[in-house]
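Hi everyone, thanks for making time for this.

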Protein chains: 6
Amino acid sequence: MALNLYGLRKLIEYSLSEDIGTGDLTTNSIVPTDAVSTGYIITKEAGVIAGVPVAEMVFRCLNPEARFLTHAGDGEWVEQGRVLMEVHGNARAILTGERLALNFLQRLSGIATRAAQLVKLVGGGKPAIVDTRKTTPGLRVLEKYAVMMGGGHNHRFGLYDAVLIKDNHIKIARGITKAVELARRGSPHTSKIEVEVESLTGVKEALEAGADIIMLDNMTPKLMQEAVALVSGKALVEASGGITEETIRAVAAAGVDLISIGALTHSVKSLDISLDLEEIKTN
Amino acid sequence: MALNLYGLRKLIEYSLSEDIGTGDLTTNSIVPTDAVSTGYIITKEAGVIAGVPVAEMVFRCLNPEARFLTHAGDGEWVEQGRVLMEVHGNARAILTGERLALNFLQRLSGIATRAAQLVKLVGGGKPAIVDTRKTTPGLRVLEKYAVMMGGGHNHRFGLYDAVLIKDNHIKIARGITKAVELARRGSPHTSKIEVEVESLTGVKEALEAGADIIMLDNMTPKLMQEAVALVSGKALVEASGGITEETIRAVAAAGVDLISIGALTHSVKSLDISLDLEEIKTN
Amino acid sequence: MALNLYGLRKLIEYSLSEDIGTGDLTTNSIVPTDAVSTGYIITKEAGVIAGVPVAEMVFRCLNPEARFLTHAGDGEWVEQGRVLMEVHGNARAILTGERLALNFLQRLSGIATRAAQLVKLVGGGKPAIVDTRKTTPGLRVLEKYAVMMGGGHNHRFGLYDAVLIKDNHIKIARGITKAVELARRGSPHTSKIEVEVESLTGVKEALEAGADIIMLDNMTPKLMQEAVALVSGKALVEASGGITEETIRAVAAAGVDLISIGALTHSVKSLDISLDLEEIKTN
Amino acid sequence: MALNLYGLRKLIEYSLSEDIGTGDLTTNSIVPTDAVSTGYIITKEAGVIAGVPVAEMVFRCLNPEARFLTHAGDGEWVEQGRVLMEVHGNARAILTGERLALNFLQRLSGIATRAAQLVKLVGGGKPAIVDTRKTTPGLRVLEKYAVMMGGGHNHRFGLYDAVLIKDNHIKIARGITKAVELARRGSPHTSKIEVEVESLTGVKEALEAGADIIMLDNMTPKLMQEAVALVSGKALVEASGGITEETIRAVAAAGVDLISIGALTHSVKSLDISLDLEEIKTN
Amino acid sequence: MALNLYGLRKLIEYSLSEDIGTGDLTTNSIVPTDAVSTGYIITKEAGVIAGVPVAEMVFRCLNPEARFLTHAGDGEWVEQGRVLMEVHGNARAILTGERLALNFLQRLSGIATRAAQLVKLVGGGKPAIVDTRKTTPGLRVLEKYAVMMGGGHNHRFGLYDAVLIKDNHIKIARGITKAVELARRGSPHTSKIEVEVESLTGVKEALEAGADIIMLDNMTPKLMQEAVALVSGKALVEASGGITEETIRAVAAAGVDLISIGALTHSVKSLDISLDLEEIKTN
Amino acid sequence: MALNLYGLRKLIEYSLSEDIGTGDLTTNSIVPTDAVSTGYIITKEAGVIAGVPVAEMVFRCLNPEARFLTHAGDGEWVEQGRVLMEVHGNARAILTGERLALNFLQRLSGIATRAAQLVKLVGGGKPAIVDTRKTTPGLRVLEKYAVMMGGGHNHRFGLYDAVLIKDNHIKIARGITKAVELARRGSPHTSKIEVEVESLTGVKEALEAGADIIMLDNMTPKLMQEAVALVSGKALVEASGGITEETIRAVAAAGVDLISIGALTHSVKSLDISLDLEEIKTN
């Protein structure tokens with residue numbers, strides 16, 4: 001996945017106006033209009049970087065002529081004290097944009113770093129570590145991008161691009177078979193259908209109904225292993241629900257194809273990153 | 001502070017469209033148009049609640065006729081297993097809005113809970129625990145509201161509503177005195193001026209320049225104590241920079257008026273909250 | 001599929017402002033502010049109706065208190081001269097909204113009617129008649145909804161909700177196998193992968209690469225039959241490219257699962273529908 | 001009329017986001033970020049071209065540095081197989097923008113071609129062939145531009161830029177004379193006033209009331225001729241209502257100044273146009 | 001003209017957010033959420049009122065359940081000390097909306113009052129007093145509405161709804177005749193064509209070219225009189241350019257149909273209006 | 001304060017679309033697409049200029065390649081007949097943008113000129129002349145910028161960036177002391193608190209409650225003098241309410257720190273400025 005920068009401009013402009021409002025009182029009072037400088041964005045702890053192009057766009061919105069030198073790209077593991085990028089341009093733009101650029105970089109790098117840790121825990125290959133819809137309102141595309149940068153994989157992007165039949169849907173349809181049938185009729189033939197099940201009976205019924213993906217909800221690793229055997233490659237198997245660093249290796253060993261982790265995006269620890277400003281020059 | 005619901009509608013509509021896109025394939029295929037039901041929003045761990053009116057507005061956007069019963073208001077400490085609110089209305093609207101309503105509630109309650117813990121740590125009164133501009137892009141008003149609900153206090157909302165002179169500004173102005181003077185001339189007389197200092201010399205200079213608030217950046221508690229003595233009530237004193245649960249009591253004991261904590265909003269652990277759906281009725 | 005009215009409001013408001021601009025000079029000059037009346041929306045030729053809720057929303061935007069009586073719902077075949085719906089309310093709102101309400105109804109009913117004719121031509125069951133991305137810019141959700149109302153089925157909604165590998169992608173990837181592999185890695189596991197092929201060799205390669213759907217581009221019905229045999233249920237088979245009323249039955253007879261028709265939405269003949277206004281009453 | 005590109009950017013960006021959503025899964029997975037290529041836009045049937053600058057803007061939105069070679073301008077009659085334009089730039093941008101660029105070009109060229117056919121049918125000069133407000137919601141300016149490119153002429157752009165008094169308005173005002181008087185008082189002196197009439201009596205009354213344009217609604221060519229004689233140059237005369245290719249010459253012969261045709265924009269047959277991609281180069 | 005409230009909502013919401021931003025700190029801190037009260041809007045000087053429905057909409061945006069009693073409608077001459085309207089509802093909404101509601105009312109009533117004075121000066125009938133495009137950016141529809149409420153009349157609303165050929169256009173076209181011909185070809189037949197002239201020769205040429213309106217730019221009343229005689233009813237005659245209270249009667253006496261006055265909207269003196277709040281009640 | 005051009009683009013684009021709508025009929029019909037020219041913006045009366053960068057942005061929105069020569073900057077006093085700036089570029093863009101560019105320049109220069117007159121009246125130093133929230137809806141940032149350009153100073157920008165406790169708030173809180181206490185608790189510690197008082201008792205109570213600014217509402221100069229003595233530097237003192245050119249020197253002599261004047265922005269007399277177009281060149 002590449003970052004869809006095209007669609008991000010509005011989000012960045014909205015976030016800038018959230019911070020700048022009627023103007024940066026401090027910077028506009030103190031920094032001469034035509035002062036130029038260079039900002040160095042530096043890691044203060046090690047981790048996987050995500051969001052460098054977003055940070056660039058923040059500065060570019062405020063100063064279209066700003067120039068950038070990128071020393072570490074998204075998806076790269078970076079040690080503490082590394083200069084990720086340099087922004088050279090109008091000093092007011094650098095000071096006014098600093099906080100937002102860092103807010104994006106720190107959060108996205110935090111997500112990428114966490115994803116990378118989990119991917120490493122399960123051995124780096126199968127099962128894939130996937131995200132959920134428990135993302136920050138407004139930031140879903142960015143947060144899912146950060147998961148990819150950390151070596152994880154994406155689940156559906158919203159309610160519109162795949163079917164996921166949960167227990168409430170099953171209750172309303174009075175059974176998995178009927179629910180899958182209704183979903184197949186009501187959604188494009190290009191959509192996969194995933195069914196959330198809580199038992200081996202559910203696995204069997206979903207499989208027979210033709211589910212493309214079966215989500216095992218809150219099962220023990222042992223039960224998951226049986227489910228995987230039952231499915232035997234006829235559908236993708238996804239483990240979900242309360243999986244932690246402690247339990248993830250056991251879940252992986254059960255042979256599932258995917259492990260989805262809500263905490264990847266709903267409980268993020270930012271990566272510490274800061275901006276150092278070179279001495280100002282006035283033209 | 002009361003939640004400014006007026007300005008939130010756009011954010012909620014944007015977030016809904018982020019999740020719903022061209023339509024909820026699963027729910028629209030399976031749930032009859034006119035089915036009604038009740039959703040119960042329930043805590044799965046104890047904490048301070050924030051965001052109930054936001055969750056309500058999510059459902060109201062999808063179903064203006066939905067009715068609500070609120071059992072626990074924002075700012076309240078709630079035990080695990082408590083029903084916070086009930087939403088009664090169109091079953092499709094409840095299922096389609098569930099994830100976004102919870103995403104808001106979980107994040108905001110996570111922030112409120114963390115704020116409450118820190119407030120308790122410092123004894124509940126002075127110093128005030130305040131937030132920073134390290135908030136999630138797009139969610140600043142909500143996250144600052146959550147801090148208030150947890151008993152914390154708010155710092156400035158952006159670059160536009162107060163002056164905060166940092167080291168880069170001081171370097172450019174060639175001194176604190178000159179920086180404060182420029183800021184006073186360039187900002188409304190209704191704006192307070194805060195100066196970030198790293199030494200007692202800085203404290204003195206800021207005080208003489210007429211700063212309204214002095215931010216002690218990364219000082220030891222001992223140095224802070226001297227700074228507080230020096231200021232002796234002629235300005236507010238704010239401690240800032242890398243303050244943790246371990247160090248916060250010592251900082252508080254130094255006599256500062258305020259302690260600002262970026263992690264309150266940049267590294268949030270969501271509070272676990274879920275929605276249970278009652279059996280569906282079809283008219 | 002149900003019409004996602006939630007997302008439509010903006011489109012309708014934009015379209016209203018396109019027509020009304022600074023005000024309806026004629027109606028505002030002539031019709032008293034408080035005059036009320038009833039408008040009858042009547043078919044002037046037979047066809048399948050689509051867009052009644054859209055027409056309602058047009059009037060409701062201008063007059064939130066307007067009341068409606070719906071006599072024929074979306075998806076219904078209706079004879080000439082039938083009253084589809086009545087709108088009762090402010091006379092200015094009815095006159096000002098008339099054209100836009102009809103513009104939506106006529107176009108969507110035109111699409112639904114055409115879809116219904118094609119569905120009937122292939123016998124009403126399999127293969128499904130599906131649309132394409134050759135829709136009117138801005139109206140995709142509505143036009144795809146109209147296809148459903150006519151008994152057709154939807155293809156993917158955009159570039160984001162399924163993978164469709166075309167000849168240019170295959171050339172760039174240097175082969176179908178590699179292209180499918182890249183797409184699987186780069187897209188959510190919830191996305192289906194469709195491959196467009198022009199020969200039986202292509203069918204075989206796509207099948208072995210694990211394509212979920214194989215699109216037969218501009219093949220003769222005879223070749224399609226061989227392709228269907230080759231696939232033998234291991235993927236969905238979609239016929240595409242220049243299929244007309246004359247050739248559609250032969251294509252259907254080849255055993256494909258889906259026939260996609262761009263003209264369903266790119267070359268629409270509107271269904272003739274008009275609005276009659278009852279005598280005005282002034283309060 | 002020149003195409004008001006300034007106002008189009010929003011429409012194009014909206015339409016792009018309708019198609020691209022969270023990203024072009026196929027292209028972003030398969031095509032390298034820095035690949036460049038050339039796309040050739042080619043007619044697959046003969047017709048009058050309209051929309052070349054719109055297609056250019058689609059690609060420019062995705063790739064501001066794209067370069068264009070235009071071989072046939074808007075308003076030109078072009079044979080089948082002609083290269084209209086070349087777009088040279090980022091290969092992803094060309095593939096992602098292709099469908100929307102063609103959707104605009106095909107529809108607008110379809111309208112221009114149809115307008116040109118009708119203009120030719122009536123001899124190319126007077127009466128002018130004019131459009132109506134039966135345009136696609138959201139695309140009015142573009143569709144009216146296409147009519148001009150085909151040699152047609154534009155009617156009013158909306159309810160706000162001219163007065164058109166129809167039968168319902170006349171009923172409410174209790175007569176043409178009163179309606180015209182109210183309209184003159186209620187609209188700027190810069191607005192023309194058109195009256196729709198169904199009989200010679202109506203023509204007379206409208207003329208005496210000072211109408212600037214008289215619309216003959218659904219009259220026979222013979223009656224139109226009498227109406228034209230009656231008006232004798234004191235107002236413009238417009239024929240309207242159910243005029244087809246079969247009847248248009250007779251209507252023209254009646255001496256009217258303008259013939260308005262709703263089908264020009266409400267029932268469009270797209271002109272077949274496609275894009276061929278040159279081999280990709282990777283930097 | 002009736003006020004097109006439909007299109008105003010966005011302007012009002014934008015203006016509210018300009019004033020309220022992240023929240024009304026004072027009111028939200030001090031006034032209980034559920035307090036209700038009544039606000040009385042009172043004139044502090046005599047004048048013609050305009051903007052009552054705008055003020056209502058301001059309060060309704062903040063408190064949809066607010067109720068209103070209107071004692072003086074738009075267009076009415078009102079003495080000092082008159083209660084124009086009462087708003088009853090949430091006390092916070094009244095206090096927060098007060099300033100914006102008054103800002104609209106005062107400005108629009110100032111314009112209406114000035115228009116009424118000029119209309120009275122020229123005798124109340126012909127010539128009509130008309131506005132120009134010298135309106136406040138963003139408020140054109142409202143300011144033109146206020147002119148109507150004062151008894152004035154509206155000129156074109158923008159560059160799009162009528163042709164106005166000025167000296168620069170004439171220079172570029174190399175003559176009035178050619179300019180009118182180009183404009184007629186390039187604009188809808190529903191648009192009137194106005195020509196600005198500076199001499200009797202210009203008047204003659206414009207008349208022969210078929211101009212619908214002739215604008216006499218900065219002519220002496222005597223020259224205007226000759227121009228009116230020359231035109232002798234074959235076009236509307238508009239006087240324009242530097243006309244003041246001192247000169248307006250002489251201009252009117254010259255027999256022109258219209259006098260346009262930029263100062264009506266570019267140099268407004270607000271009418272003094274205030275809001276009195278009844279004692280608060282808390283539920 | 002520097003003009004926050006970043007946030008202005010939307011306002012300018014909105015205002016352009018207000019004026020241009022579906023296109024400049026006159027210019028587009030008459031002026032060749034590729035004609036270039038130079039526009040000279042010239043003062044027709046003396047005054048202080050404000051808005052030159054806004055005017056530039058208007059032309060740049062229509063013609064991004066336009067080039068500018070600025071002869072007089074914002075804040076400068078300029079005699080009649082001075083060329084302020086030259087815009088060189090596409091002739092259509094200059095003609096189409098002319099009115100909006102001038103509408104901004106004339107209004108903002110009118111405000112700056114008036115502010116400069118008042119500043120001069122009070123001697124040019126203390127007290128500062130400050131604006132209010134009685135600005136034109138939508139233009140607050142620009143109008144406050146113009147006040148600064150004229151040598152005035154800004155009051156708070158809205159309800160969100162400072163506390164201003166008025167009589168209604170005091171009544172609701174049952175006293176100044178309680179009101180100030182509630183405001184301090186409910187607003188960020190970075191916000192100043194201003195209290196409006198009508199008597200010396202009020203001054204005393206506000207001072208004791210810790211108000212940062214005390215607004216003397218409608219007091220006589222003599223009473224103001226006593227108030228100033230009472231406050232004796234412990235808070236800023238602002239005079240407000242009905243202060244005119246006649247009374248302002250007496251108010252200044254009373255020793256207040258600030259004088260706020262609503263008429264600065266609610267009753268503006270535009271400065272007369274026009275645009276002259278050089279002869280057109282066609283490439």
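I'll go through a sheet, some helices, a few single residues and then the chains as copies.

One thing before we start: this is a predicted model. Keep that in mind as we go.

Let's begin with chain E. Quick reminder for anyone new to this: strands in a sheet pair through backbone hydrogen bonds, and the pairing is either parallel or antiparallel. Chain E has an open sheet of six strands, and the pairing is parallel. Reading across, the order is β6-β11-β10-β9-β8-β7. Now, which strands stand at the edges? In chain E those are β6, residues 128-130, and β7, residues 163-165. Each has a single partner strand, so one side of each is left without a neighbour in the sheet.

The pairing of β7(E) with β8, residues 193-197 of chain E, runs over three bridges in the parallel sense. If you want one pair to click on, take E:Ile165, whose bridge partner in β8(E) is E:Val195.

Okay, helices. When two helices pack, we describe them by the angle between their axes and the distance between those axes. Stay in chain E and find α7, residues 176-186, and α8, residues 200-209. Their axes come within 9 Å and cross at roughly 35°. The crossing is right-handed. Who makes the contact? From α7(E) we have E:Ile176, E:Thr177, E:Val180 and E:Arg184, and from α8(E) we have E:Gly202, E:Glu205, E:Ala206 and E:Ala209. Sorted by class, that gives four nonpolar, two polar and two charged residues.

Now hop over to chain A and look at α7 and α8 there. These helices pack at an angle of about 35°, with axes 9 Å apart, and α7(A) passes α8(A) in a right-handed crossing. Here A:Ile176, A:Thr177, A:Val180 and A:Arg184 meet A:Gly202, A:Glu205, A:Ala206 and A:Ala209.

Next, some single residues. Is C:Gln106 buried or exposed? With a relative accessible area of 4%, it is under the 20% cut-off, so C:Gln106 counts as buried. You'll find C:Gln106 in helix α4 of chain C, residues 91-121. Setting aside its neighbours within four places in sequence, C:Gln106 touches C:Arg99, C:Ser270, C:Leu271, C:Asp272 and C:Ile273.

Most residues other than glycine have a negative phi. But D:Arg174, which is not a glycine, has a positive phi of about 60°. D:Arg174 sits in the loop between α6 and α7 of chain D and is exposed, at 73% relative accessibility. D:Asn218 is not a glycine either, and has a positive phi of about 55°. Look for D:Asn218 in the loop between β9 and α9 of chain D; at 55% relative accessibility, D:Asn218 is exposed.

Conventions: Residues are numbered from 1 along each chain as its sequence is written. Chains are lettered from A and ligands numbered from 1 in the order in which they are written. This is a predicted model: local features need pLDDT of at least 70, side-chain atom pairs count only at pLDDT 80 or more; totals for chains, interfaces and linings use all residues. Side-chain values use heavy atoms; hydrogens and water are left out. Two strands pair if DSSP finds at least two bridges between them. Helices (H or I, at least four residues) and strands (E, at least two) are DSSP runs, numbered from the N terminus. Axes are lines fitted to C-alpha atoms, for helices over the stretch in contact, and angles run from 0 to 180 degrees between N-to-C directions. A crossing is left-handed if the near helix is turned anticlockwise from the far one by less than a right angle, and right-handed if clockwise. Contact means heavy atoms within 4.5 Å. Ala, Val, Leu, Ile, Met, Phe, Trp, Tyr, Cys and Pro count as nonpolar, Asp, Glu, Lys and Arg as charged, and the others, Gly among them, as polar. Buried means under 20% relative accessible area, exposed over 50%, partly exposed in between (1.4 Å probe, protein chains only).
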